[in-house]
Amino acid sequence: MSPLLKASNIVVIAVLIQTMVMVFVNQIIYMSDTMEHVKSFLPFINILVILITIIVLVFVKEIGKAAKREIEIEAMKDNLKQTESLMKTLQKERHEYNRHLQTIQAMIHLGEIENAIQYLDGLSEHNMNAHEIVYLGNPVVTVLLNAKSRVAESKNIKFDFAIKCDITKIPISSWDLSSILGNLLDNAFEAVLENEKNNRIVGLEIKYEQGEYVIYIFNNGPSISPKMSPKIFEPGFTTKDSQGRGYGLFLVKNIIEQYGGRIECLSTQRTLFKIHLPERGNKN
């Protein structure tokens, strides 16, 4: 059983005990003809209620700590998955390049120079637009965005990102920044999959402007209606018919607000999430 679940169960039990005590006291008062014998044990009841209240407050604080730890663990797991995915892709590409080199080597040994040249030309043309690893200064974000680029490519999504500032100076932990970007990009990729294959566009831009760091993430998927816009950051809200969803944007909003930032959503012809992080963030 996780620490979060244990603390939650203790709080629930303590509240139930406190409720039962209050019901018991009220029942005794109701059935008593006088208050004299009720007054004799009332101080003990008050002490018990105070102790239970202290226990509840202590474990509520523990629930907050446990929830934060679980969020950090989930963010780390997600980043490890992205790293593993990127490593598998690189290993696959390395295998492909080795195979091409062996083919070219065989052609040269057989004296088929012209065929080797044609093979190289075709290979160069095929890989002209292939993704290369883009280093961004922050290793966690580097892995995340390169992995997302490969995912986008596999789903026929045109994904471009531009980092126009030193992201190592953004006052936010790498894990939290990765969680924010990962959740928003996953939502953007999912949204554009409803479009035709040749019309799926997702963009990311991070820049420093007017004394704060601003992150723009947009997609050209279906717009969010004005009726739904106020609800998208509520816990559990989702347009998908599946359990366990609807907490990504809620998590993102909470992380951003912990650093004194804010997030806004603008949805017309395209959907834009704009995140503001102060230059000197104070984590709450």
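Here are a few friendly notes on one helix and on some ring contacts in this structure.

1. Please keep in mind that this is a predicted model, where local features need pLDDT of at least 70, side-chain atom pairs count only at pLDDT 80 or more, and totals for chains, interfaces and linings use all residues. Residues are numbered from 1 along each chain as its sequence is written, and side-chain values use heavy atoms, with hydrogens and water left out.

2. Start with helix α4, residues 139-154; helices (H or I, at least four residues) and strands (E, at least two) are DSSP runs, numbered from the N terminus. Because 12 of its 16 residues are buried, α4 is largely enclosed by the rest of the structure. Buried means under 20% relative accessible area, exposed over 50%, and partly exposed in between (1.4 Å probe, protein chains only). Among the buried residues are Val140, Leu144 and Arg150.

3. Now look for aromatic pairs: the whole structure has 4. Rings of Phe, Tyr and Trp (its six-membered ring) pair if their centres lie within 6.5 Å; planes under 30 degrees apart count as stacked, over 60 as edge-to-face and the rest as tilted. One of these pairs, Phe159 with Phe161, is tilted, at 5.7 Å centre to centre and 40 degrees between the planes. Phe159 is buried, at 7% relative accessible area, whereas Phe161 is partly exposed at 21%.

4. Phe159 also pairs edge-to-face with Phe189, at 5.5 Å and 80 degrees. This pair links distant parts of the chain, strand β1 and helix α5, 30 residues apart.

Notes: The expected span of a helix is 1.5 Å times one less than its number of residues.
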